[in-house]
Amino acid sequence: MERIDVLVVGAGPAGLAAAIAAREAGCKSLRVIEREERAGGVLRQCIHNGFGLHRFGEELTGPEYAARDIRKAAELGIEIDVSTTVLSVSNDRVVTVISKSRGLETIACGAIVLAMGCRERPRGALSTPGTRPAGIYTAGNAQKMINLMGLMPGKHAVILGSGDIGLIMARRLTLQGAKVLACVEIMPYSGGLNRNIVQCLQDFDIPLYLSHTITDIRGSERLTGVTMSRVDENRVPIKGTETEFECDTLLLSCGLIPENELTQRAGVELDSATGGARVTDRLETSVSGVFACGNVLHVHDLVDYVSEESAVAGRAAYEYAQGARDFAGRVKVVSGNNVRGAVPQFIDKDSTGDVRIMFRVGKILKRARVLVTEGNNELLSVRKPVLVPGEMVNITLSGEKARSAGEITVSAFGGDE
Amino acid sequence: MARELICVCCPMGCRISADNSGGSWNFSGYTCKRGLEYASQEVAHPSRVLTASIPLSNRSVPVSVKSASPLPKELLISAMRQILSLKVEAPVSIGQVLLKDVCGTGISLIATSDVL
């Protein structure tokens, strides 16, 4: 059996950043496994701009952002095995991979970084009514068709959900000559960024229907139309509010789910709020020597933060592979009032440096305050003009304060609370 | 004329009212300096970076492209028409200029991915 120090699963932005950081820390025996034919992950199809503002101080498109990391990895001589799929990861860090060129391989790893990214919520998970015709795609699938394959999914489209990918696709379809009739959002607010509401919908006069959903889907072979209805405060459709749209295409932009099948089979504990592994500030999961980062850990808004987080995981994985350390105990991080899915869930007592905690809020909070407390003791208080569920919040806690605590709670309050 | 804008500078998303009935633009509803600057720019010269993918005459896959700087917003659709009619051949590399002048703006169109 081959033995290596660090194996990275996935060569998207997270996997690339982890591998680069591990190599720069001195890791010579390193492999990156990628199931697609090329590295770059979802960035390859995200041809719009806005990536890299935090990291590079300029606005890049997705392929340009990915190209920088791919070039860097090549300069460092990092081996990326493309068209290769990881079949399993065991809890004693043996990885089984398969590819056409090399067949089945088992690799014993000093440490493993999970960087598989996330998937879109598919129609089957949405309990949508109506028939099952062709013409219904997730927004990301339509994005792949247009941007990577040069195919148009249809001519008249309705978009269900107002996540950023759905908004971006409303603009792409319009620019490529299709007509987008409506963007339909069940919540009373959009899940997408203001910038995308303005530049992807308003710029092209595409109406956004908040507190509405699709209540019928028609067509036998190909989609012929959908019915939209208003919903009440409990998200139940209201009779008599139906509007019909004739369309051949319905795009679904209804959320992203970390892709954790391998993680679960490795026996890693997951967090029900994030859908990803429970990790320490080193990004180590509940299985010793197995690390997780990027969208497989929790769904990010900005790739810049994915890269930053993943570099931490890559360095920590190499450190782990170099030799076991004594367990010094952990501080538990609890998600409190209005806070969902704070990451990391634990802080190692023996790690160093300040701790970045990322989370989402459960509702819109204006004139907000984020508090980190240990019992009645306040460790950090940060004011923010506004916090919205669609944007990840991140705060930095002094490492000294964090590690001297037993258990800390992160909470957020609006100005009126 | 009165217009309603949503500020895109931060998650606040302030609703800014713009009114030029007095001859010059008057803004209300913004809560910071960036908001005022955004609104002034948006009513005077709204502009956007255009990104797209265009077919290659000798490949089955397209190449992704962007305008080298923001184009006037009202030109986006005609710019698309122009760039979709381009005859481009692979190989193409990142940063390569595919069109020198998009719709008479003097702004170039450049490739954002490599197609070998």
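Visitor: Why is the crossing in which H5(A) passes H6(A) called left-handed?

Guide: H5(A) passes H6(A) in a left-handed crossing, a name that applies if the near helix is turned anticlockwise from the far one by less than a right angle, the name being right-handed if the turn is clockwise. Helices here are DSSP runs of H or I with at least four residues, strands are runs of E with at least two, and both are numbered from the N terminus. The model is predicted, so that local features need pLDDT of at least 70 and side-chain atom pairs count only at pLDDT 80 or more, while totals for chains, interfaces and linings use all residues. Residues are numbered from 1 along each chain as its sequence is written, and chains are lettered from A and ligands numbered from 1 in the order in which they are written.

Visitor: What makes H5(A) and H6(A) roughly parallel, rather than oblique?

Guide: The axes of H5 (residues 164-175) and H6 (residues 194-201) of chain A come within 8 Å and cross at roughly 20°, with axes fitted to C-alpha atoms, for helices over the stretch in contact, and angles running from 0 to 180 degrees between N-to-C directions. Angles under 35 degrees count as roughly parallel, over 145 as roughly antiparallel, 65 to 115 as roughly perpendicular and the rest as oblique, and H5(A) is therefore roughly parallel to H6(A).

Visitor: Which residues of H5(A) and H6(A) meet?

Guide: A:Asp164, A:Leu167, A:Ile168, A:Ala170 and A:Arg171 in H5(A) meet A:Asn196, A:Ile197, A:Cys200 and A:Leu201 in H6(A), contact requiring C-beta atoms, placed from the backbone, within 7 Å. By class, six of these contact residues are nonpolar, one is polar and two are charged (Ala, Val, Leu, Ile, Met, Phe, Trp, Tyr, Cys and Pro count as nonpolar, Asp, Glu, Lys and Arg as charged, and the others, Gly among them, as polar).

Visitor: Why are H1(A) and H8(A) called oblique?

Guide: The axes of H1 (residues 13-24) and H8 (residues 303-322) of chain A come within 7 Å and cross at roughly 40°, and the two helices are therefore oblique to each other. H1(A) passes H8(A) in a right-handed crossing. Among the residues that meet are A:Ala14 and A:Ala18 in H1(A), and A:Val306 and A:Tyr318 in H8(A); the contact divides into 14 nonpolar, three polar and one charged.

Visitor: What makes E5(B) and E8(B) edge strands?

Guide: They belong to an open sheet of four strands in chain B, ordered E5-E6-E9-E8 with antiparallel pairing, where two strands pair if DSSP finds at least two bridges between them. E5 (51-54) and E8 (97-99) each pair on one side only, and the twist averages 40° from one strand to the next.

Visitor: How do you know that E6(B) and E9(B) are joined?

Guide: Three bridges join E6 (residues 63-67) to E9 (residues 109-111) of chain B, and these strands run antiparallel. B:Ser67 stands opposite B:Leu109 in E9(B).

Visitor: Which domains does chain A have, and how far apart are the centres of domains 1 and 3?

Guide: An automatic or database domain assignment gives chain A domain 1 (1-119 + 257-325), domain 2 (122-254) and domain 3 (328-417). The C-alpha centres of domain 1 and domain 3 of chain A lie 26 Å apart, and their contact takes 13 residues from domain 1 and 16 residues from domain 3.

Visitor: Which element gives the most to the side of chain A that touches chain B?

Guide: The contact takes 23 residues from chain A and 20 residues from chain B, and H6(A) gives the most to the chain A side, with five residues. That side has twelve nonpolar, seven polar and four charged residues.

Note on methods:
Two residues are in contact if their C-beta atoms, placed from the backbone, lie within 7 Å.
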